[in-house]
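Here is my note on this structure, point by point. Please keep the model open as you read.

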Amino acid sequence: MTMFIAVLLLCVTLAQGSVLRETEEKCGYESCTQAKEGVLNVHIVPHTHDDVGWLKTVDQYYFGSRNNIQLAGVQYILDSVVKELWQDPKRRFMYVETAFFWKWWVRQSDDTKHKVHALVRQGRLQFVGGAWSMNDEAATHYQSTVDQFTWGLSKLNETFGPCGLPRVGWQIDPFGHSREFASVVAGMGYDGLLLGRIDFQDKARRLRSRSMETLWRGDDELGKPSDIFTGVLYNTYSPPPGFCFDVLCTDEPIIDDPDSPLYNVDSRVSTFLEYATNQSKHYLTNNVVVTMGGDFTYQDAAMWYQNLDKLIEYANLKAAKDGLKIKLFYSTPDCYLKAVKDAKPTLPTKQDDFFPYASDPTAFWTGYFTSRPTTKYFEREGNGYLQMVKQLQVLGGLEEHNRFVLNELKSAMGVMQHHDAITGTEKQAVTHDYERILHSAIEDAVIIARQAFNKFIQRDALKPPMFSFDRCRFNESSCHTSETSDTFVVTVYNPLAWNLKEAIKIPVLDGNYEVYAPNGEKIESQLIDIPEAVRNIPTRQSNATHEVAFIAYLHGLGVKSFYIKKVKKMKRDLNNKKRENDYYANINEYFKDIKEKSYIDIKNIEEFEKDVLEEKVPILNTDTEILENVQMLRDTENSRFGMLVKNMEVKKGRMEKSHYPVMSEEEMRMLSDEPAIVERFDDYLENEHIKVRIEKTTGEVTHVILPDRTLNMKVKMYYWTGCVGDNSNTTERSSGAYIFRPKTTTPIEIPYTHSDIIKGPVLQEARTTTDGNVFNTIRLYKGLNFLEHDFVVGPISIDDKVGKEYIVRYKSNVVNNGIFYTDSNGRQMLKRKLNERPQWNLTLEEPIAGNYYPVTNKIYIEDDQNRLAVLTDRAEGGTSLVEGDIELMLHRRLLHDDAFGVGEALNEVANGKGLVMRGRHRIMLSNPTDNNELLQERKQVLQFHLQPIVFVSSTTMEYKDWLTLNNCFVGIQTDLPLGVHLLTLEPWADKLLLRLENYMDRSANSTVEVDLTKIFNIITIKSFKETTLAANQWLDSYNKWTWETQNEFTESFNKAYDNFGEINTATDDVDVNDDGLKIKLKAKQIRTFIVDYEMTE
Ligand SMILES: [Zn+2]
């Protein structure tokens, strides 16, 4: 195909008289107008910013429909630009969003395609960024970012070859910038990254100190290979004031008829030159980039080019005439970057990130970290499906034509990464359209999974399918197939390359169910009723009243089926209390099959409890201690704001006890009824790893007891009330889709009203109800090393006409001194300090919103003894405002717009009611000095991100017949070594794309060897060739640029943030060599291979 195009192009080029001769054709840096030494080089960069959905849907933007909402049609932009570029070889244009470019490209005539090829070959049209969309950097996961770049860049590469290679990252609209993204961009081989939006205080400082350009280290563990030149644009991505020559603008054109009374060349040129000169005072080299464009500009490109032609011509004439040392010319981000590079600047460095983003003192763009939580969850599910079908297409050795549906899902996920999609900052109608796109792409792509499952089960691809493999809405505890069948098969796929245990829950009607594994073994299961709060979710369409829960042992890249049948037996006793007693009576039964040594001596469980309470729980044994505890909690509450405002230093150790408590009526009542006190404080959830103390009446967690230590912990729900104003100035700012601006400095607590405790052989849980439409479940599964918090939030009431933002606080006695850690796109962790920024002195008018950071997968706090980590099932906003607390925002419903363009309040409704969200957190308690525990925590992050995917098929097949099927497929030969993750496995023409990742930090033994011949079961890897991260350049043909820096990088930002006195400078990692097909992965390294392979089965 590529050859064919190349031959065709040659003919066309020779035939076209107006085109430069072939020998003169140059693309990339070689096509740049040379910057002149000793003068100010003004790079005029025509561009358009085309959101892949925002106020209109992707298609509405592309076709230019609904122009009453926004006058925007991308097809006209590209048509018009190509026409104008063709007129004059001096003109340049850059294009960014491959989703739109591709939509346009496939609709063009051969003639237009030939012209575009010529423009690209001559560097007149350059691709910048080039991913499917310009992704958000807060809510996105690195796996999806890498995927959407790979997808966009592969289109450019296969169409234009090396001349279609983008060299500059172009993130000019996303609302803050992540460090992991910098690392990813560096890994993909970009030479630089340009940004539009950074915090207004940071920008002011950078302008003052000429540090608008910096060398950003993306990852301390990776070091140099993650460095990327990063420039902040002067005027976001807009033209200088008065110089927007677009049909969307009303600025004056350049009028050069000296006889006209409107003649304005002299004044316009002077104004422009002054602007460019001013700009240059803030940058390090004698190059400035002037962005000439904006949102959906260039629908009539002639307006721009005619005026820019004149501006350039007259400005250069004036410069020549007046002897000004300034030169204007058409340029692109690539050419600007190259000119900066050639000027050899010495750059300042950066090792943190650009979050949170504030555009003025009250506009903290931290609300969007949580906005539209159900869309954020759906996007995460979409990634799970995409990874599954990519893997199964390979493992199943399936037909080539499946690529169509696979590509549809890649495109849909690329769209979802856009900075107005996953962020939740689009109009409601556009949200629905995103969901439509992703839903239908998943539906279509799942056919790949069905084909693969059928092939594995019957050992034959050609046999007609035996099962339907239906998808269910497990997040709403709903599954049509299982709730309407007495016998069904549950098929589970594990997309991770290691064996694991995971809890599976299948919605059913009440009854008795038996669960069988493929080896014929009946496995332990538990029937639990589905709580009211879940059953009442307005979007839920299900009659299921219960769930069958069991623990599945899953193989790496494995498919495993379970046979479940309803059996006729006596009705179980649903009385919780009764079951609880049974549980205690049968506790030996429950623990009998635990192989690992448990910290609980079962026979002496009472003594153990006594022991723990006396020694490790500092409270609650005597009346006085209860009083002190009550007061202690109150002190914590009261000190909240003091700590926030004064950033008061917190002493190490437990908080001081007060002498004379003030008791509420409730507390008095508690004390007057002593036996009840004993009762009410005495209940536990427990498994092999964790024991959780529950306050019986409210169901509240009070402590988490581990084999070697105890932690005070409470799970409390609150809401913030959103500020309301007309946004006429900063004090009148409303909380909205982008902006978080709470009205008060303390949130309103939502007290628990009712509780239930459920215990069985698979799981134990404490359920709590509140009157604020929040339902909580705290849960432990047999054998799993985390505590699960399952929450249903909503409908958020707006009867009082007040918008609300719901949060959870995990309150502990961890002494974190205002320090907390949040992840960067699910990969590295970054240290955060309350009311501080690492690189400048912060003035904070919004002490709540200004301390919020994006949490993609994980947030944690720690002291010497304990690390409390919360893993999220989707992107959320998080912080630690109060000592010992982790706060996460779960859901938002607001009644006002925040005036950043959406023009709608974030008021999501479903079926006429406020949108209800259900989510889960996994809480992990690790010993911060135990590397193995910390590694298990990292592994759990990956396991939570890529959860097993479950399908259900109704069947009339007898159990004995089912047993004859091949119900267990194992894709891997052996578990990948601990610390290694299979990031990508997908078909790549007739080869495979394989990405392996080391997820450990640097240490003496963090380099891991992986034998490529020993990963897969039915795939034999014959040879490989390594590429850059996005698989569009061979690694050995890529040369990384190096830059001089003003200072050396520190070894670790997280360590240096606290100890600026004793900074270790970074040392380069030692090179390691592969040994044939045994490859080595250094700490945090992701390696990408194009692999030649053979199927062996
Ligand atoms: Zn945008």
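1. Start at Thr 98. Setting aside neighbours within four places in sequence, Thr 98 touches Gly 130, Ala 131, Trp 132, Gly 152, Lys 155 and Leu 156. Thr 98 belongs to helix H4, residues 98-105. Its relative accessible area is 2%, so Thr 98 is buried. Keep in mind that this is a predicted model.

2. Now the whole chain. The chain has 1097 residues, and 64% of them are buried. It holds 25 helices and 49 strands. Take the contacts in the chain with a separation of 6 or more: residues 24 or more positions apart account for 75% of them.

3. Gly 218 gives an example of a contact across the sequence. Gly 218 sits in the loop between strand E6 (213-217) and strand E7. Which residues does Gly 218 contact, leaving aside neighbours within four places in sequence? They are Arg 179, Ala 182, Ser 183, Ser 226 and Gln 828. Arg 179 is 39 residues from Gly 218 along the chain, yet their C-alpha atoms are separated by 5.3 Å. Is Gly 218 buried or exposed? Its relative accessible area is 0%, so Gly 218 is buried.

4. Next, look at two helices. Two packed helices are described by the angle between their axes and the distance between the axes. Helix H12 covers residues 373-395, and helix H14 covers residues 428-458. Their axes come within 9 Å and cross at roughly 30 degrees. Angles under 35 degrees count as roughly parallel, so H12 and H14 are roughly parallel to each other. Their crossing is left-handed.

5. Which residues make this contact? H12 contributes Thr 375, Phe 378, Glu 379, Gly 382, Tyr 385, Met 388, Val 389, Leu 392, Gln 393 and Leu 395. H14 contributes Thr 431, Glu 435, Leu 438, His 439, Ile 442, Ala 445, Val 446, Ile 448, Ala 449, Ala 452, Phe 453 and Phe 456. How do the residues of the contact of H12 with H14 divide? There are 15 nonpolar, five polar and two charged residues.

6. Turn to the aromatic rings. The whole structure contains 52 aromatic pairs. One of them joins Phe 175 and Trp 365. This pair is tilted, with 5.1 Å centre to centre and 45 degrees between the planes. Phe 175 lies in the loop between strand E4 (168-171) and helix H7 (179-187). Trp 365 lies in the loop between strand E13 (363-364) and H12. The pair therefore ties together parts that are 190 residues apart in sequence. Phe 175 counts as buried because its relative accessibility is 2%. Trp 365 counts as buried at 2% relative accessibility.

7. Another pair joins Phe 229 and Trp 1043. This pair is stacked, with 4.7 Å centre to centre and 25 degrees between the planes. Phe 229 is in strand E7, residues 227-232. Trp 1043 is in the loop between strand E46 (1019-1027) and strand E47 (1044-1045). The pair therefore ties together parts that are 814 residues apart in sequence. Phe 229 and Trp 1043 are buried.

8. Rings also form a cluster. Ring pairs link Phe 93, Phe 243, Phe 245, Phe 272, Tyr 298, Trp 304, Tyr 305 and Tyr 330.

9. Check the backbone next. Where are the cis peptide bonds? One joins Phe 355 and Pro 356, with omega about -10 degrees. Pro 356 lies in the loop between strand E11 (349-350) and strand E12 (358-360). Another joins Gly 794 and Pro 795, with omega about -5 degrees. Pro 795 is in the loop between strand E29 (787-793) and strand E30 (804-812).

10. Finally, positive phi values. Phe 296 is not a glycine, but its phi is positive, about 55 degrees. Phe 296 lies in the loop between strand E8 (287-295) and helix H10 (301-322). With a relative accessible area of 0%, Phe 296 is buried. Ala 989, also a residue other than glycine, has a positive phi near 50 degrees. Ala 989 is in the loop between strand E43 (980-988) and strand E44 (991-998). Its relative accessibility is 56%, so Ala 989 counts as exposed.

Note on methods
Residues are numbered from 1 along each chain as its sequence is written. This is a predicted model: local features need pLDDT of at least 70, side-chain atom pairs count only at pLDDT 80 or more; totals for chains, interfaces and linings use all residues. Side-chain values use heavy atoms; hydrogens and water are left out. Axes are lines fitted to C-alpha atoms, for helices over the stretch in contact, and angles run from 0 to 180 degrees between N-to-C directions. Helices (H or I, at least four residues) and strands (E, at least two) are DSSP runs, numbered from the N terminus. Angles under 35 degrees count as roughly parallel, over 145 as roughly antiparallel, 65 to 115 as roughly perpendicular and the rest as oblique. A crossing is left-handed if the near helix is turned anticlockwise from the far one by less than a right angle, and right-handed if clockwise. Contact means heavy atoms within 4.5 Å. Ala, Val, Leu, Ile, Met, Phe, Trp, Tyr, Cys and Pro count as nonpolar, Asp, Glu, Lys and Arg as charged, and the others, Gly among them, as polar. Rings of Phe, Tyr and Trp (its six-membered ring) pair if their centres lie within 6.5 Å; planes under 30 degrees apart count as stacked, over 60 as edge-to-face and the rest as tilted. Buried means under 20% relative accessible area, exposed over 50%, partly exposed in between (1.4 Å probe, protein chains only).
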